[in-house]
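Welcome, and thanks for taking a look at this one with us. Below is a short briefing to read alongside the sequence and the 3D view.

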Amino acid sequence: MNVGRALADAQPRVFWLDRPERPDPLPPLSGSLEADLLVVGGGYAGLWAALQAKQDDPGRDVVLVEAGTCGWAASGRNGGFCATSLTHGLANGAARFPDEISTLETLGAANLDAMLATISLFDIRCDVERTGEISLATAPHQLADLAADAALARRHGHDVVVLGRDEVRAEVASPTYLGGVWHRDRTVMLDPARLAWGLRAACLSLGVRIFEHTRVTGLASSGAGVVARCFGGGSVRAGGVVLAANAFPPLLRRLRAFVVPVYDYALVTRPLTPAELASVGWRQRQGLADSGNQFHYYRLTADNRILFGGYDAVYHYGNRMAPSLARSAPTFATLARHFFSTFPQLEGVTFTHQWGGVVDTCTRFCAFFGTAFGGRLAYATGFTGLGVGATRFGARVALDLLSGSPTPVTTLDFVRSRPMPFPPEPLRSLVINATRWSMAQADAHEGRRNLWLRTLDRLGLGFDS
Ligand SMILES: Cc1cc2nc3c(=O)[nH]c(=O)nc-3n(C[C@H](O)[C@H](O)[C@H](O)COP(=O)(O)OP(=O)(O)OC[C@H]3O[C@@H](n4cnc5c(N)ncnc54)[C@H](O)[C@@H]3O)c2cc1C
């Protein structure tokens, strides 16, 4: 397959955001405002915080400020796999929080139920499909790990089906598949940008005041509250602040050691013809992910395109973020090559969109939480690559922390503990790149983990997207 030809017309734009239904931006903040609650960041975490705050207390005056437009960042450009897991997967959660994993699983399932109820309540048309997700083995050594994951999932009451080589290929026809585990009940697929836009509309309908193109440049104590100064001269003084800024340069210095921005990339094809789709099967439309350390995730869109993402997870020295980094020709070419080895029958299909986005990776791969300014600011960050569902829960935790009274959630070790920090540069880059290189080596050598990875495993550290 000529990868260059397949990518020739791919636009450097996010498929989900590249649609006429994208709402017009709201005016930026000018002047000074007072509010009960200020939310900084209009991705899922911020939108869920504002929405839940209003649902808790309709009389609360809530302001949300967003540096770009709501949902432009990770929340509008992800794969749309919405999982119950709050811990970047059950295995990660069980290893890190063995005493709390059952509670966290229950809270995660309740979180997804509440999320779907809200989507229905506000008539958010984000194409929810309850298909579940298949974890795929594409190398023999991955079969044992998948079987262990399936056994763990069953112990926690998940509905899983182990699929042999022929069974998995009967679901989705790829010559690369050796087996799979269909997690039927813990992941729904949805349209990420439509979810973000729908949450924004829901917030507005409840009276949240949203200012877009309004970047907060600094926070300071102000009497019994906190004042946020914004680029352009505006300011908001609020009794409480939820900081929901993901991997962007943190407004709290203390967070700099804990979160690194990691670029993750995706391609989208043109819509498949009925014959092309039939050649793949995929009648149940599950989300798919293979099981290497460097893994792909892929899915069908509502109009039967294939979104194909993942594999490279790229960190830039000094936590660098820039619009130009959301494009990477070598990564797009790698993804296209892998796409055609996965689906050789789709030779001739072209890609229409290619983009990248930033994941807020921390060393425990799942969100952590905290407060500042004497409890008047709360944050939730570090969702790594599984935040579509978990951000709603993270927002709930931040609101609970702001309330100042312990709740069943804020007393969890999961909420009270923090990940190990990353070392400062230049060590940070060295450590991350050594880890990425070692993970690629493990994938190429039957999963054998070298001394570096085994040491990190013993310390409970790692790097993921
Ligand atoms: C390519 C890609 C694929 C992914 N796929 C999946 C997936 O399939 N399933 C899954 O569960 N997760 C996935 N994720 C992760 C998921 O998208 C994120 O965890 C989630 O969207 C994080 O939401 P958020 O609100 O914390 O962050 P964001 O959506 O990044 O929102 C943060 C917002 O804060 C704003 N902001 C930052 N600083 C300031 C400031 N100083 N002032 C004002 N505003 C500010 C930003 O402009 C931004 O809009 C993926 C991520 C990427 C990038």
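In H2, the buried residues are Tyr44, Ala45, Gly46, Leu47, Trp48, Ala49, Ala50, Leu51, Gln52, Ala53 and Lys54. That makes eleven of its 13 residues, so H2 is largely enclosed by the rest of the structure. Please keep in mind as you read on that this is a predicted model.

**Helix H2 in outline**

**Around the ligand**

- The ligand is surrounded by 38 residues, and the closest are Glu66, Trp72, Ser75, Phe81 and Val388.
- Sorted by class, this shell holds 20 nonpolar, 14 polar and four charged residues.
- For valine 216, a backbone N or O atom lies 2.9 Å from a nitrogen atom of the ligand.
- For glycine 385, a backbone N or O atom lies 2.9 Å from a nitrogen atom of the ligand.
- How much of the ligand does the protein bury? Taken alone, the ligand exposes 1000 Å², and the protein buries 97% of that.
- Helix H2 (44–56) and strand E16 (351–361) are the elements that give two or more residues to the shell around the ligand.
- E16 gives the most to this shell, with three residues.

**Helix H5, with a buried face**

- Helix H5 covers residues 142–155, and at 1.5 Å a residue its 14 residues should span 20 Å; the C-alpha atoms at its ends are 20 Å apart, which agrees.
- Which residues of H5 are buried? They are Gln142, Leu146, Ala150, Leu152 and Ala153.
- Looking down the axis of H5, you will find its buried residues within an arc of 165 degrees, so they line one face of the helix.
- Ala144 and Arg155 are exposed on the other side of H5.

**Backbone features to inspect**

- Most peptide bonds are trans, and most residues other than glycine have a negative phi.
- The peptide bond from glutamate 425 to proline 426 is cis, with omega near 5 degrees.
- You will find proline 426 in the loop between helix H11 (413–416) and H12.
- Aspartate 123 has a positive phi of about 50 degrees, although it is not a glycine.
- The loop that holds aspartate 123 runs between helix H4 (101–121) and strand E4 (133–137).
- Where is histidine 213? It sits in the loop between strand E8 (209–211) and strand E9 (216–222).
- Histidine 213 is partly exposed, with a relative accessible area of 48%.

**Pairs separated along the chain**

- Threonine 217 belongs to strand E9 and is partly exposed, at a relative accessible area of 43%.
- From threonine 217 to leucine 251 there are 34 residues in sequence, and their C-alpha atoms are 7.4 Å apart in space.
- Threonine 435 has its place in helix H12 (residues 427–444).
- Is threonine 435 buried or exposed? Threonine 435 is buried, with a relative accessible area of 3%.
- Threonine 435 and leucine 456 lie 21 residues apart in sequence, and 8.8 Å separates them in space, C-alpha to C-alpha.
- Arginine 416 is part of helix H11 and is exposed, with a relative accessible area of 60%.
- What separates the C-alpha atoms of arginine 416 and serine 30? These two residues are 386 residues apart along the chain, and their C-alpha atoms are separated by 37 Å.

Note on methods:
Residues numbered from 1 in each chain as written. Predicted model: local features only at pLDDT ≥ 70, side-chain atom pairs only at ≥ 80, totals over all residues. Heavy atoms only, no water. Near = heavy atom within 4 Å. Polar contact = N/O pair within 3.5 Å; in protein donor to acceptor, adjacent residues only side chain to side chain. Areas by Shrake-Rupley, 256 points an atom, 1.4 Å probe, with all protein chains shown as cover. Helix = DSSP H or I, 4+ residues; strand = E, 2+ residues; numbered from the N terminus. Nonpolar A, V, L, I, M, F, W, Y, C, P; charged D, E, K, R; others polar. Expected span 1.5 Å × (residues − 1). Buried < 20%, exposed > 50% of the residue type's maximum accessible area, 1.4 Å probe, protein only. Arc of directions from axis to C-beta.
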